[in-house]
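User: I want to learn how to read charged pairs and helix packing in a model. Can you take me through one case?

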Amino acid sequence: MTAASIWRVVDENLEKFVVSISFAVLAGIIILAVVQRFVFNYQSPWSGSIPVYLFLWVTWIGAAYNIRTRTQLRFGEVRANLPYNGKFLCVLLDAALWLGVSAVVIYFAIEQIQLVHMNFAIVQGTDNLPQWWFYLATPIGWGLVIFRVIQNLVIDITAYLRKEPLEVDTTIFTAD
């Protein structure tokens with residue numbers, strides 16, 4: 001396998017893999033907790049907190065996936081009716097907004113992670129599982145959002161310069 005083919009596989013499947021694993025572990029913990037509670041009359045003290053932290057990974061990495069597949073919230077019906085230059089301006093505006101919001105989120109997330117790390121905060125119900133491990137999902141996910149925005153922007157600028165149609169999807173759900 002060449003480096004290019006490895007990169008292609010990672011590029012196409014990274015978010016799906018992380019979200020799937022995180023969601024599977026999250027669901028497994030919840031199912032285990034329900035069985036423990038109703039069958040054995042016991043509850044693991046961490047079973048209510050770890051799924052919440054895993055949801056951070058599902059959410060932020062899932063957001064990056066939606067950017068990559070261009071299924072994030074947008075007004076496709078409006079854009080489909082815009083002239084070509086209007087569509088391109090919307091692409092540029094999207095990218096600028098995503099990059100700006102991402103920078104703000106990453107800045108404050110890193111500040112929060114440092115605070116949690118310095119205070120030795122642990123996940124509720126555990127003896128030594130650091131919270132900051134889970135909070136890393138925010139800057140990693142939003143960093144991936146930045147990467148996907150730039151990736152799509154390069155595709156869109158290339159299409160614009162070649163006078164090729166810009167990808168404007170008006171459907172909410174896609175088959176992937």
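This is a predicted model: local features need pLDDT of at least 70, side-chain atom pairs count only at pLDDT 80 or more; totals for chains, interfaces and linings use all residues.

User: What does D11 pair with in a salt bridge?

Analyst: The general idea comes first. Side chains of opposite charge can pair when their charged atoms come close. Here, D11 forms a salt bridge with R148, at 2.3 Å from N to O. D11 sits in helix α1 (residues 3-39) and R148 in helix α6, 137 residues apart, so distant parts of the chain are linked.

User: Is R148 buried or exposed?

Analyst: R148 is buried, at a relative accessible area of 1%.

User: Which other residue forms a salt bridge with R148?

Analyst: E15 does, with the closest N and O atoms 2.6 Å apart. E15 belongs to helix α1 and R148 to helix α6, so this pair ties together parts 133 residues apart in sequence. Both E15 and R148 are buried.

User: How many salt bridges are found in the whole structure?

Analyst: The search finds four. One of them joins D156 and R70, with the closest N and O atoms 3.0 Å apart. D156 lies in helix α6, while R70 lies in the loop between α2 (50-68) and α3 (76-80). The two are 86 residues apart, and the pair links distant parts of the chain. D156 and R70 are both buried.

User: Now helix packing. At what angle do the axes of α2 and α6 cross?

Analyst: Take the angle and the distance together. The axes of α2 and α6 cross at roughly 0° and come within 8 Å. An angle under 35 degrees counts as roughly parallel, and α2 and α6 are therefore roughly parallel to each other.

User: Which residues of α2 and α6 meet?

Analyst: From α2, the list includes L56, W57, W60, I61 and R68. From α6, it includes A137, I140, W142, L144, V145 and R148. By class, the contact of α2 with α6 has 13 nonpolar, four polar and two charged residues. R68 and R148 also belong to the salt-bridge network.

User: How are α1 and α6 placed, and what is the handedness of their crossing?

Analyst: Their packing angle is about 120°, with the axes 12 Å apart. α1 and α6 are therefore oblique to each other. Their crossing is left-handed. W7, D11, L14 and E15 of α1 make the contact with L144, F147, R148 and Q151 of α6. That contact divides into four nonpolar, one polar and three charged residues.

User: What about α4 and α6: what is their angle, and how far apart are their axes?

Analyst: Helix α4 (residues 84-118) and helix α6 (residues 137-161) pack at about 160°, with axes 9 Å apart. Angles over 145 degrees count as roughly antiparallel. That makes α4 roughly antiparallel to α6. α4 passes α6 in a left-handed crossing. The contact of α4 with α6 has 23 nonpolar, four polar and one charged residues.

User: Which residue should I revisit to connect the two topics?

Analyst: Go back to R148. R148 of α6 takes part in the contact with α2, and R148 also takes part in the contact with α1. R148 is linked with D11, E15 and R68 in the network of salt bridges.

Key. Residues are numbered from 1 along each chain as its sequence is written. Side-chain values use heavy atoms; hydrogens and water are left out. Axes are lines fitted to C-alpha atoms, for helices over the stretch in contact, and angles run from 0 to 180 degrees between N-to-C directions. Helices (H or I, at least four residues) and strands (E, at least two) are DSSP runs, numbered from the N terminus. Angles under 35 degrees count as roughly parallel, over 145 as roughly antiparallel, 65 to 115 as roughly perpendicular and the rest as oblique. A crossing is left-handed if the near helix is turned anticlockwise from the far one by less than a right angle, and right-handed if clockwise. Ala, Val, Leu, Ile, Met, Phe, Trp, Tyr, Cys and Pro count as nonpolar, Asp, Glu, Lys and Arg as charged, and the others, Gly among them, as polar. A salt bridge is a side-chain nitrogen of Lys or Arg within 4 Å of a carboxyl oxygen of Asp or Glu. Buried means under 20% relative accessible area, exposed over 50%, partly exposed in between (1.4 Å probe, protein chains only). Contact means heavy atoms within 4.5 Å.
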